[in-house]
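Student: Hi! Could we go through this structure together, one topic at a time?
Tutor: Happy to, let's open it up.

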Amino acid sequence: MARIDNIDNVLQGFVGDFEFTPPIYSAIKVNGRKLYDIARAGKNIEIEKRYAEIFSIERVSDIDYSNKVCKFSFKCRVSKGTYIRSLCEAIGKRFGYPAYMSGLRRIASGKMNIKDSNTIEDLQNGKYFLTSMLNAIGEKKVIHINDAIFSRVNNGMRIILKSCTEDEVFLAYKNILVGIYEKNKDNNEGKSI
């Protein structure tokens with residue numbers, strides 16, 4: 001069990017690969033149903049462990065010991081699929097105490113950063129900017145499509161992209177995001193999405 005006065009060292013021990021169990025109240029699908037729906041129905045289900053990466057983590061507040069509770073805030077940079085609630089629980093387990101997340105503030109996702117956001121005052125004063133959906137999706141796989149494929153997408157039809165290996169793709173036509181398609185897992189010929 002880690003000593004409570006060693007919080008900063010314990011946090012640094014989480015940098016790297018992070019194995020965790022996602023919370024039961026999450027949108028992860030198991031057998032086609034979201035975990036939070038299963039939980040609300042009162043059913044028990046075994047949740048598979050997942051892996052993520054913690055790139056950095058640091059305490060950003062004083063440590064508050066009051067009413068027999070230890071509280072502090074931390075900032076972390078993590079890979080896609082990381083559940084911060086699970087990270088908080090894991091930090092508590094390292095100390096041998098129960099722990100939970102009392103608040104979460106996402107300051108960046110992909111190319112988007114809170115520093116680049118607009119305030120309510122900016123909006124009221126007309127001092128704001130809009131970014132394109134293609135810019136907002138960041139590092140996701142974008143496929144630029146031709147007129148024929150756009151016609152099918154525009155009518156909500158399935159399409160085949162034989163050279164695509166991703167499970168989810170973003171489709172752009174004339175530099176405008178026009179669709180998000182998911183791989184049809186029942187189709188073995190090409191990539192029907």
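Student: Which residues of the largest nonpolar core touch the most other members?
Tutor: They are F14, F18, I57, L87 and I91, in a core of 20 residues. A nonpolar core here is a set of buried Ala, Val, Leu, Ile, Met, Phe, Trp, Tyr and Cys residues joined through side-chain atoms within 4.5 Å. Buried means under 20% relative accessible area, exposed over 50%, and partly exposed in between, using a 1.4 Å probe and protein chains only. Before we go on: this is a predicted model, where local features need pLDDT of at least 70 and side-chain atom pairs count only at pLDDT 80 or more, while totals for chains, interfaces and linings use all residues. Residues are numbered from 1 along each chain as its sequence is written, and side-chain values use heavy atoms, with hydrogens and water left out.

Student: Which elements give two or more residues to this core?
Tutor: Those are α1, β1 (16–20), α2 (35–40), β4 and α3 (84–95). The largest share, 6 residues, comes from α3. Helices (H or I, at least four residues) and strands (E, at least two) are DSSP runs, numbered from the N terminus.

Student: And what does F14 touch?
Tutor: Leaving out residues up to four places away in sequence, F14 touches I54, L87, A90, I91 and R94. Contact means heavy atoms within 4.5 Å. R94 also lies over the face of F14, at 4.0 Å from the ring centre. That label needs NZ of Lys or CZ of Arg within 6 Å of the ring centre and within 35 degrees of the ring normal.

Student: How many aromatic pairs are there?
Tutor: The count comes to 5. Rings of Phe, Tyr and Trp (its six-membered ring) pair if their centres lie within 6.5 Å; planes under 30 degrees apart count as stacked, over 60 as edge-to-face and the rest as tilted. F14 and F18 have ring centres 6.1 Å apart and planes at 75°, so that pair is edge-to-face. Both F14 and F18 are buried.

Student: What about F20 and Y83, how are their rings arranged?
Tutor: Their centres are 6.2 Å apart with the planes at 50°, so the pair is tilted. F20 lies in strand β1 and Y83 in the loop between β7 and α3, so the pair ties together parts that are 63 residues apart in sequence. F20 and Y83 are both buried. Ring pairs link F14, F18, F20 and Y83 into a cluster.

Student: Switching to charges: how many salt bridges does a search of the whole structure find?
Tutor: It finds 2. A salt bridge is a side-chain nitrogen of Lys or Arg within 4 Å of a carboxyl oxygen of Asp or Glu. One joins the side chains of D8 and R59, at 2.8 Å from N to O. D8 lies in helix α1 (residues 7–12) and R59 in strand β4 (residues 50–59), so this pair ties together parts 51 residues apart in sequence.

Student: Which residue does E58 pair with?
Tutor: E58 forms a salt bridge with K75, with the closest N and O atoms 4.0 Å apart. E58 is partly exposed at 42%, as is K75 at 41%.
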